[in-house]
Amino acid sequence: MSLMKTWKNILAIVLATIWISISEFVRNQFIVRNLWLEHYKKMGLVFPDKPINGAVWGLWSLLAALFVYMISRKFNLLQTAFLAWFGQFVLMWVVIGNLGVLPHGILWMAVPLSLLESFIAALIVKKTAS
């Protein structure tokens, strides 16, 4: 792979990471934050929002962007977006739902916003990467 292709691929992953991070932050800190806080309070828990939690979400965003990049090599835009959404969100919701920490009331907002997040991440990667 040429140096230019390598840089384009790295740029695609970095831009997708930034997009995913911003999307997650806005959704969880502004749109559904109160639902998270109320749900955790009802369970007698404190919502985990320390800086280390933000750092882990940053790592999750990078891993999500890498996942989008990897599947984008074999699939078209819509397939990449759907597979990314399913692999990143649906599976996470199943796990946190099983643990009892998923406030189901967020799903009516989280599903369309996460589909949009996945589509835009896939679009960024498809348009930027070689």
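Trainee: What should I know about the model before reading on?

Mentor: The model is predicted, so local features need pLDDT of at least 70 and side-chain atom pairs count only at pLDDT 80 or more, while totals for chains, interfaces and linings use all residues. Residues are numbered from 1 along each chain as its sequence is written, and side-chain values use heavy atoms, with hydrogens and water left out.

Trainee: What does the C-alpha trace span along its principal axes?

Mentor: The C-alpha trace of the protein chain spans about 55 × 30 × 20 Å.

Trainee: At what angle do H3 and H4 pack?

Mentor: Their angle is about 145°, and the axes are 9 Å apart. Axes are lines fitted to C-alpha atoms, for helices over the stretch in contact, and angles run from 0 to 180 degrees between N-to-C directions.

Trainee: Which residues in H3 and H4 meet?

Mentor: Among them are Trp57, Trp60 and Phe67 in H3, and Leu83, Phe89 and Met92 in H4. Contact means heavy atoms within 4.5 Å. The residues of this contact divide into 10 nonpolar, 4 polar and no charged. Here Ala, Val, Leu, Ile, Met, Phe, Trp, Tyr, Cys and Pro count as nonpolar, Asp, Glu, Lys and Arg as charged, and the others, Gly among them, as polar.

Trainee: And where do H3 and H5 meet?

Mentor: Trp60, Val68, Tyr69 and Ser72 in H3 meet Glu117, Ala121, Ala122, Val125 and Lys126 in H5. These residues divide into 6 nonpolar, 1 polar and 2 charged.

Trainee: Changing topic, what is the volume of the largest pocket?

Mentor: Its volume is about 670 Å³. A pocket is an open set of points on a 1 Å grid over the protein atoms alone, where a 1.4 Å probe fits, with protein on both sides within 12 Å along at least five of seven lines; lining residues have an atom within 4 Å of a point. Grid points are joined across faces, edges and corners, and a volume is the space filled by probe spheres set on the points.

Trainee: Which helix gives the most to the lining?

Mentor: H3 does, with 8 residues. The lining divides into 16 nonpolar, 7 polar and 4 charged residues.

Conventions:
Helices (H or I, at least four residues) and strands (E, at least two) are DSSP runs, numbered from the N terminus.
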